[in-house]
Amino acid sequence: MAFRLHAAVVLPADPACSVVRDGVVDVDDHGRISFCGPADSAPVGPQAPSETRRLPGILLPGLVNAHAHSPMVLFRGMGGDLPLLRWLREVIWPAEAKLRQGDVLAGMKLGSLEMLSRGVTTSAEMYFHAEQMAAAVLVTGGRAVLGAPIIDLPGMHWRTMLADTERWIDADGLRFGDGDRIELTYAPHSAYMLPVEGLEAIAASAASRDALVQIHVAEAADEDAPQRAEHGSVPALLKKVGLLEGRLLAAHAVHLSDTDIALLAAHGAGVAHCPGSNAKLASGIARLADLRSASVRVGLGTDGPASNDDLDLWEEIQLAAMLARLSTADATAVSAAEALLMATRGGADALGRNDIGALEEGRFADLVHIDIDDPAFATGLDVPDNQLLANLVWAAGSRRVTDVWVAGEHVIEGGESTRVDRAAAQADVAEAAARLR
Ligand SMILES: [Zn+2]
């Protein structure tokens, strides 16, 4: 299976966001990268893969969506003009009460296909019937870091949900699937949806298994205010219950004080910044520039497709940079290169993964090819590096993603899945959604 991709431009997503002209990426028999660099320094002879494929455009790592609830494609467009808590209580939770396993399978399959076709190879997912999410991703050939929400609601008991997560991890291990396609996590919904003793139990359980914990943090002012009054802040509560001691991914993290940011930084927590969802729900503008200058590991997330309606992380790249600039009145607050790195290497970092998100020897060959037959690239690739990155980030985005590989497997070819019939996946969602409405 070893092969070589030889592209006009390779973006390895190294910390400097280098632009490698006439670049090569070699993929080994295990779906991992064995070389990435200029063609003239690539291995030759028996060290080189026998098969080479030439690509006319830009090759970069698959994007990492650090926060999503992708099966919510089932609810796309529902209640789209309501604020967060009304939207949840009046629209989403009643619809979710009717969810069946097969609905989540159908929703995740389509969500995964949509992400792959936009060049998003990994997503961090929190949703009900999580075993169906894993099954769907194993069908599409994507990659997911996922868990079932642990929540305290009438008819849902956090102890049962925590025990379900523990049982699954103990049975299947933290990672499984070809090319480690699936990583299991703990997914406590939020501080406001769980008692303190629940958060403590989750922290202890996750730490004993060295598992990632994903949790919504200080997303909207009206859920954050009572937490702040009772516990100081959500990050302060997370520290008190022990969640900051383990691997933690804080989703949204909009309403943070300087002390909160310092706490997250000191404990190495990851943040999934969701600018599109936060803007649409008027939740606020997260303090991206301050998080970054405190060296917090920040990735980008779409959030669920019922609150931020497509799963195109390229829009978050633009929005993250735009909102950071607008909110600081500083056009240099986040560059195109920095925004692109947050969606690749940064997202992997935020998830605590050093085996995806960049084109480096040893990492999985999760790759995206962007064709340049588009007005965005009419000035060609033979332009200065920063102009090329600007054209990619500000003008092109996902619209010319033609080919995607996950762990070296070609899963999107010519813009369509090599594994799943998209029309059939859409029909399955239409059928499920009609019943859930
Ligand atoms: Zn969310």
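Is D22 buried, exposed or partly exposed? In this predicted model, where local features need pLDDT of at least 70, side-chain atom pairs count only at pLDDT 80 or more and totals for chains, interfaces and linings use all residues, D22 is partly exposed, with a relative accessible area of 39%. Residues are numbered from 1 along each chain as its sequence is written, and side-chain values use heavy atoms, with hydrogens and water left out. Buried means under 20% relative accessible area, exposed over 50%, and partly exposed in between (1.4 Å probe, protein chains only). D22 sits in strand β2 (residues 20-27); helices (H or I, at least four residues) and strands (E, at least two) are DSSP runs, numbered from the N terminus. The phi of D22 is positive, near 50 degrees, in a residue other than glycine.

A218 belongs to the loop between β12 and α6 (221-231) and is buried, with a relative accessible area of 2%.

We turn next to the metal site. The zinc ion is coordinated by H67 (NE2), H69 (NE2), H216 (NE2) and D303 (OD), at 2.0 to 2.6 Å. Donors here are N, O and S atoms within 2.8 Å of the metal (3.2 Å for Na, K and Ca); water is not among the atoms, so sites may look incomplete. The angles among the 4 donor atoms run from 84 to 168 degrees, and the site is irregular. Along the chain, the donors follow the spacing H-x1-H-x146-H-x86-D. Distant parts of the chain are linked by H67 in strand β5 (residues 63-68) and H216 in strand β12 (residues 212-217), 149 residues apart. H67 counts as buried at 1% relative accessibility, and H216 is buried as well, at 5%.

In soluble globular proteins, nonpolar side chains tend to be buried together. A nonpolar core is a set of buried Ala, Val, Leu, Ile, Met, Phe, Trp, Tyr and Cys residues joined through side-chain atoms within 4.5 Å. The largest such core holds 123 residues, of which I58, F75 and L340 touch the most other members. Residues up to four places away in sequence aside, L340 touches L11, C17, L60, W314, I317, L389, L392 and V393, contact meaning heavy atoms within 4.5 Å.

Helix α3 (residues 130-140) has A130, Q132, M133, A134, A136, V137 and T140 buried, and is followed by G141, whose phi is positive, near 90 degrees. Q132, at 14% relative accessibility, is in contact with Q101, V104 and L105, leaving aside neighbours within four places in sequence. In helix α11 (residues 313-328) lies L323, which counts as buried at 16% relative accessibility. With neighbours within four places again set aside, L323 is in contact with P275 and I285.

Finally, helix α7 (residues 234-241) and helix α8 (residues 258-266) pack at an angle of about 40 degrees, with their axes 8 Å apart. Here P235, A236 and K239 in α7 meet D260, L263 and L264 in α8.

Terms used
Four donors count as tetrahedral if all angles lie between 85 and 135 degrees; four count as square planar and six as octahedral if opposite donors are over 155 degrees apart and all others between 65 and 115; anything else is irregular. Axes are lines fitted to C-alpha atoms, for helices over the stretch in contact, and angles run from 0 to 180 degrees between N-to-C directions.
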